[in-house]
Amino acid sequence: MKEEDAVGKLTTRTLAMPSDTNAAGDIFGGWVLSQMDIAAGICAGQRAQGRVVTVAVESMSFIRAVKVGDILGLYTHVAELGNTSMVVNVEAWVRRNRIGLREKVTEGRFKFVALDENGKSTPLPAEEDLPDYARESI
Ligand SMILES: CC(C)(COP(=O)(O)OP(=O)(O)OC[C@H]1O[C@@H](n2cnc3c(N)ncnc32)[C@H](O)[C@@H]1OP(=O)(O)O)[C@@H](O)C(=O)NCCC(=O)NCCS
């Protein structure tokens, strides 16, 4: 796959460290899932223009192992809009050992709900009311 094959906006980038490994020495899948939830939450929070919570992980595919020293890049986009909820698609790509091959390692769909100040679900703002930076993240 080529670099331009990633779908979505580059939302976070981080380095996989030895402290993130499983017993086999590869990166723990739960760490990758957590990084995906963080990136998806940034995307969802900008679309909601406020607080959001993850309500469901609709799908999660582990395609290739992540290794210590890989740069992990998370790409997100809002795939579906409900009234108070949205589905964010996330793709994780690595640059092997910082300078090597670039590969897609996971993909998933995370559902978020926008919350008001009392922690209750609240309608998403209309797209035309979003600031430019949030519109670009869609
Ligand atoms: C998210 C939460 C506030 C929703 O509460 P609720 O009383 O079900 O709210 P509503 O009935 O108004 O539903 C809100 C939206 O969430 C959707 N939803 C609720 N539960 C869902 C579920 N289990 N799966 C998928 N979507 C769900 C509804 O379809 C609705 O979408 P829409 O407004 O776009 O049509 C509540 O489930 C919650 O607090 N969950 C815990 C979230 C959390 O702590 N996440 C971090 C986990 S560590």
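Reply: Strands, as the word is used here, are DSSP runs of at least two residues, numbered from the N terminus, and a residue is near a molecule if its C-beta atom, placed from the backbone, lies within 6 Å of it. The model is a predicted one, and in it the ligand is surrounded by Val53, Thr54, Val55, Ala56, Gly82, Asn83, Thr84, Ser85, Lys111, Val113 and Ser121. The largest share of this shell, four residues, is supplied by E2, while strand E2 (52–62) and strand E5 (102–114) are the elements that each give at least two residues to it. Sorted by class, the shell holds four nonpolar, six polar and one charged residues.

Both of these strands belong to an open sheet of five strands, in which the order is E1-E3-E4-E5-E2 and the pairing is antiparallel. Strand E1 (9–15) and E2 stand at the edges with a single partner strand each, so one side of each has no neighbour in the sheet. From one strand to the next, the twist averages 25 degrees. E5 also pairs with strand E4 (residues 85–95), in the antiparallel sense and over 11 bridges, and Arg102 in E5 is the bridge partner of Arg95.

As for the chain around this part, the protein chain has two helices and five strands, which run β-α-β-β-β-β-α from the N terminus on. Its C-alpha trace spans about 45 × 30 × 20 Å along the principal axes, and 29% of its 138 residues count as buried.

Note on methods
Residues numbered from 1 in each chain as written. Predicted model: local features only at pLDDT ≥ 70, side-chain atom pairs only at ≥ 80, totals over all residues. Nonpolar A, V, L, I, M, F, W, Y, C, P; charged D, E, K, R; others polar. Pairing = 2+ DSSP bridges. Axes fitted to C-alpha atoms, helices over the stretch in contact; angles between N-to-C directions. Buried ≥ 20, exposed ≤ 12 C-beta atoms within 10 Å, placed from the backbone.
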